[in-house]
Amino acid sequence: MTTFDVFAVGCGGGPYEDNLSSYFVKARDALWKDGIVAIEAGSGLGALRRLLKTRPEVFSLPTETDTSHKLAPAEVYSWIRSYLISHPHLDHLSGLVLSAGSTASTSTPVYGTQHTLETIADIFSGKIWPALASWTDEPGKPLRLSRLSPEDGYVSIADSLSVRTMVVSHGPSSPTSSSSEHPPYESSAFFLRHDPSARELLFFGDVEPDALSTHPQNRDVWRTAAPKIPDVLSALFIECSWPDGRPDEQLYGHLSPAHLTEELCNLAREVVASRARSRVTSGDESSSSSDSERPSIRRRKRLRRSDSDVQDIDVRGALSGLRVYIIHCKDDLQETYESPIHEVIAGQVRTLVDDRGLGAEIVAVEQGMLISI
Ligand SMILES: [Zn+2]
Ligand SMILES: [Zn+2]
């Protein structure tokens with residue numbers, strides 16, 4: 001059963017501007033022209049123009065065998081029903097900014113946290129770029145800033161699609177500022193839900209490892225995701241900006257293969273703990289009428305133990321059925337590697353994940369890839 005289509009308009013971590021974070025998403029049973037959710041908007045019309053030449057079939061109707069009707073990039077862009085932006089770094093929104101005055105968009109919602117939207121509002125203040133975004137439904141404004149808060153739970157952002165937002169940390173706001181002086185830069189993780197089937201995917205914006213963070217927040221996301229894996233949630237999009245061997249002090253708020261693997265181990269521990277908890281709970285429920293007090297106390301003790309000993313849990317196979325899509329790999333400017341950098345990094349992650357026996361499948365995302373989930 002497939003639920004989502006995800007098209008990678010751009011999936012790199014910069015600095016090449018023609019392949020920056022930008023994903024078109026729709027429900028599998030819907031048509032692209034009936035509404036696209038754009039998760040991030042780094043690369044925009046230019047990348048799309050190039051991709052439409054090599055992959056014109058992606059956006060054509062299923063009944064269209066003749067793809068000679070050339071879709072213009074602006075036409076596909078006009079199908080965007082809403083934007084979902086994880087954080088306001090340029091590589092995640094430059095396409096949105098550059099296209100805002102040129103497309104047919106009217107009051108298209110741009111969803112993000114308060115921090116993200118306030119910064120986007122600064123861009124559209126009339127100094128960096130014309131005032132094309134509004135906090136209200138102002139006539140004539142192409143974009144409407146629409147606040148998402150972690151407290152809101154799931155918020156409908158398109159036909160049949162809802163999002164739940166969680167805040168994550170993205171390193172010090174300046175490479176020279178000590179992280180003890182400033183809170184970490186704020187980014188987001190999104191649980192995107194297909195409402196009719198209740199299936200979800202999990203998308204991380206840029207994120208630093210909990211192990212290096214002054215304000216670790218990834219564990220909360222893993223704890224939320226764990227009970228859903230793999231039946232409800234079988235796809236995780238997460239960055240791995242750097243290849244192995246890069247020193248921790250030069251990660252600048254991003255993940256490397258070793259740190260991503262540690263994060264996936266944390267997720268795996270949460271999955272095992274969650275399954276243990278649900279076994280205990282269902283055991284309690286099935287025997288509540290006939291059970292004496294003593295076994296139920298024993299179960300509660302077991303439940304507490306599964307929380308506190310979470311580091312010692314055997315995680316082998318815990319992530320079976322989960323696909324981890326590696327994104328935001330930073331371009332290899334020195335051209336050190338013979339293979340494309342996303343394949344190098346994904347290969348390193350795969351080796352580490354396989355060594356730990358986690359059971360997750362590691363996929364290198366490349367630009368122009370159509371992913372069915
Ligand atoms: Zn980025
Ligand atoms: Zn960033």
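This is a predicted model: local features need pLDDT of at least 70, side-chain atom pairs count only at pLDDT 80 or more; totals for chains, interfaces and linings use all residues.
**Stop 1: the zinc ion (ligand 2)**

Start by selecting the zinc ion (ligand 2) together with His-87, His-89, His-170 and Asp-206. These residues coordinate the ion through NE2 of His-87, ND1 of His-89, NE2 of His-170 and OD of Asp-206, at 2.2 to 2.4 Å. Along the chain the donors follow the spacing H-x1-H-x80-H-x35-D. What is the geometry of the site of the zinc ion (ligand 2)? The angles among the four donor atoms run from 90 to 167°, and the site is irregular.

A surface display brings out one more point about them. Asp-206 is buried, at 2% relative accessibility, whereas His-89 is partly exposed, with a relative accessible area of 28%.

**Stop 2: helix H1**

Select residues 45-54, which form helix H1. Which residues of H1 are buried? They are Ala-47, Leu-48, Leu-51 and Leu-52. Turn the view to look down the axis of H1: the buried residues fall within an arc of 135°, so they line one face of the helix. On the other side you will find Arg-49, Lys-53 and Thr-54, which are exposed. To see what covers the buried residues, show strand E1 (4-13), strand E2 (20-27) and helix H2 (73-77), which are among the covering parts.

**Stop 3: a cavity and a pocket**

Next, select Val-6, Tyr-23, Val-25, Ile-39, Leu-201, Phe-203 and Phe-237, the lining of the largest cavity. Its volume is about 30 Å³, and the structure holds one cavity of 30 Å³ or more. E2 and E11 each supply at least two of the lining residues.

From there, move to the second largest pocket, with a volume of about 230 Å³. Its lining has 17 residues, and those nearest the centre are Asn-19, Asp-331, Pro-340, Ile-341 and His-342. E1, strand E13 (323-327) and helix H8 (341-356) each give two or more residues to that lining.

**Stop 4: backbone details**

Finish with the backbone. Most residues other than glycine have a negative phi, and most peptide bonds are trans. Where are the cis peptide bonds to look at here? One joins Gly-14 and Pro-15, with omega about 5°, and Pro-15 is in the loop between E1 and E2. Another joins Ile-229 and Pro-230, with omega about 0°; Pro-230 lies in the loop between H5 and strand E12 (233-239).

Glu-40, in strand E3 (residues 36-41), has a phi of about 65° and is buried, with a relative accessible area of 1%. Ser-160 has a phi near 70° and is found in the loop between strand E8 (155-158) and strand E9 (161-169). At 26% relative accessibility, Ser-160 is partly exposed.

Definitions and conventions. Residues are numbered from 1 along each chain as its sequence is written. Chains are lettered from A and ligands numbered from 1 in the order in which they are written. Side-chain values use heavy atoms; hydrogens and water are left out. Donors are N, O and S atoms within 2.8 Å of the metal (3.2 Å for Na, K and Ca); water is not among the atoms, so sites may look incomplete. Four donors count as tetrahedral if all angles lie between 85 and 135 degrees; four count as square planar and six as octahedral if opposite donors are over 155 degrees apart and all others between 65 and 115; anything else is irregular. Buried means under 20% relative accessible area, exposed over 50%, partly exposed in between (1.4 Å probe, protein chains only). Helices (H or I, at least four residues) and strands (E, at least two) are DSSP runs, numbered from the N terminus. The arc is that of the directions from the helix axis to the C-beta atoms. Contact means heavy atoms within 4.5 Å. On a 1 Å grid over the protein atoms alone, a cavity is a set of points where a 1.4 Å probe fits but cannot get out, and a pocket is an open set with protein on both sides within 12 Å along at least five of seven lines; lining residues have an atom within 4 Å of a point. Grid points are joined across faces, edges and corners, and a volume is the space filled by probe spheres set on the points.
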